[in-house]
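Subject: Structure handover

Hello,

Here is the structure we talked about. Please open it before you read on.

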Amino acid sequence: MASPDLLLPTTVVGSYPQPDWLVDRHKLLARLPPRVRARDVWRVAEEFLEQAQDDATQVAIGDMERAGIDILTDGEIRRESYSNRFATALDGIDLDTPGERLSRSGRPDIVPRVVGPIRRTRPVEVRDVQFLRAHTRKPIKITLPGPFTMTQQAVDDFYGDDARLAMDFAAAVNDEIHDLVRAGADVIQIDEPYLQARADQARQYAIRVINRALQNVQVPSVLHTCFGYGLVVKNKEVGVGYPFLEELVEVDVDQISIEAAQPNLDLAVLERMGDKTMVVGVLDLGIAQVETQAVVEQRIRAALRHISAERLVIAPDCGMKYLPRAAAFEKLEIMARAARTVRDALPIATGGGSRP
């Protein structure tokens, strides 16, 4: 496994492109990211699907290793979206008669309908972690949807109180996290993109429910927040910044993952993030074009003007699953090379890329 003292480690946000033989990518791109189950996107018959997903997951792991990524995920290959696989596995959800709610982009979306107490009755992603752990010697990260975002992606016909609903989602996430750590996860990440889309609601209860989700977690934890998939959300307000980011210094999490390349984020915000390690996106996923190594190096060095190398992790922006696989691989390869180049040029006082 990579040394925990490695400066500027590289990782991915979570997803990696699923092969065309596994999913109908045109269907994925033609719709909003699924919140309920979307079995129609899979090209493989149900009886062969798990085997096909295993094979595709090995491809994703191999690509990330060949690209030189330090902390791997399973590419979220088994998922129709980052959130629906876990959210729809919980008790209290009516999958037969879903509800409708506006998406973060303001379009009507089909979402889970809550009709009873939210409870996790079984592990959902444990096999995913076990499979990933068995197929790489590198550190591994697994991702889960966060409780605030799952609440915003549901119609509540039971609780009548978003904060109570979110707290039960948080308890379910926390139970899952502890099983994932026991299964071999080195890093846990929860995804909370709706913090930015629904900042007013986030200020009311997001911090306490996220802290409940991370209760007693003993491995490094990450909270990812973003503006939406790069190839799907084109109208990101360049240079405007996150409406709900600095508040996250109050979250009991080790790392905060943000996108910065596509939205051209003012990285001075890194100076206001307390002692959090920051996972900063340096690949623009709104375009399939592969950036040059010089451009990515420039983005890394721009972050280093506001944060120490000891507190910086390098990653893409959000939404790699929607890219062509060849472009995704080349982008990761460029990112890994750029991180190594910048690392090797750090002052001798840092040990040439390791903490003293």
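Below are my notes on the fold, the sheets and the helix packing.

Please keep in mind that this is a predicted model.

**Overall**

The protein has 10 helices and nine strands. Its radius of gyration is 19 Å, close to the 21 Å that the globule rule gives for 356 residues, so the protein is as compact as a globular protein of that length. Along the principal axes, the C-alpha atoms fill a box of roughly 60 × 45 × 40 Å.

**The six-stranded sheet**

Start with the open sheet of six strands. Its order is β3-β5-β6-β7-β8-β9, and the pairing is parallel. The edges are β3 (141–145) and β9 (312–315), each of which pairs on one side only. From one strand to the next, the twist averages 25°.

Inside this sheet, look at β7 (residues 255–258) and β8 (residues 277–281). These two strands run parallel and are joined by four bridges.

**The three-stranded sheet**

There is also an open sheet of three strands, in the order β1-β2-β4. Here the pairing is mixed. β1 (91–102) and β4 (155–156) are the edge strands, and each pairs on one side only.

Strand β2 (residues 108–119) and β4 run parallel, with two bridges between them. Val 114 stands opposite Asp 156 in β4.

**Helix α6**

Next, find α6, which spans residues 162–183. This helix lies across β3 and β5 (187–191). Its direction is at about 165° to β3. α6 also lies across β1, β2 and β4, where it runs at about 75° to β2.

The crossing of α6 past α8 is right-handed.

Which residues of α8 meet α6? They are Tyr 205, Arg 208, Val 209, Arg 212 and Ala 213. On the α6 side, the contact uses Asp 162, Ala 163, Ala 166, Met 167, Ala 170, Ala 171, Val 173, Asn 174 and Ile 177. Taken together, the residues of this contact divide into 10 nonpolar, one polar and three charged.

**Helices α2 and α4**

The other helix pair to look at is α2 (residues 46–67) with α4 (residues 126–134). Their axes are 11 Å apart, and the helices pack at an angle of about 45°. α2 and α4 are therefore oblique to each other. α2 passes α4 in a right-handed crossing.

From α2, the contact takes in Glu 50, Asp 54, Thr 57, Gln 58 and Ile 61. From α4, Arg 127, Phe 131 and Leu 132 take part. The residues of the α2 contact with α4 divide into three nonpolar, two polar and three charged.

**Where to look**

For a quick tour, begin at the β7 and β8 pair, with its four bridges. Finish at the right-handed crossing of α2 past α4.

Best wishes

Terms used:
Residues numbered from 1 in each chain as written. Predicted model: local features only at pLDDT ≥ 70, side-chain atom pairs only at ≥ 80, totals over all residues. Heavy atoms only, no water. Axes fitted to C-alpha atoms, helices over the stretch in contact; angles between N-to-C directions. Left-handed = near helix turned anticlockwise from the far one by under 90°. Contact = heavy atoms within 4.5 Å. Nonpolar A, V, L, I, M, F, W, Y, C, P; charged D, E, K, R; others polar. Pairing = 2+ DSSP bridges. Parallel < 35°, antiparallel > 145°, perpendicular 65-115°, else oblique. Rg over C-alpha atoms; globule rule 2.2 N^0.38 Å.
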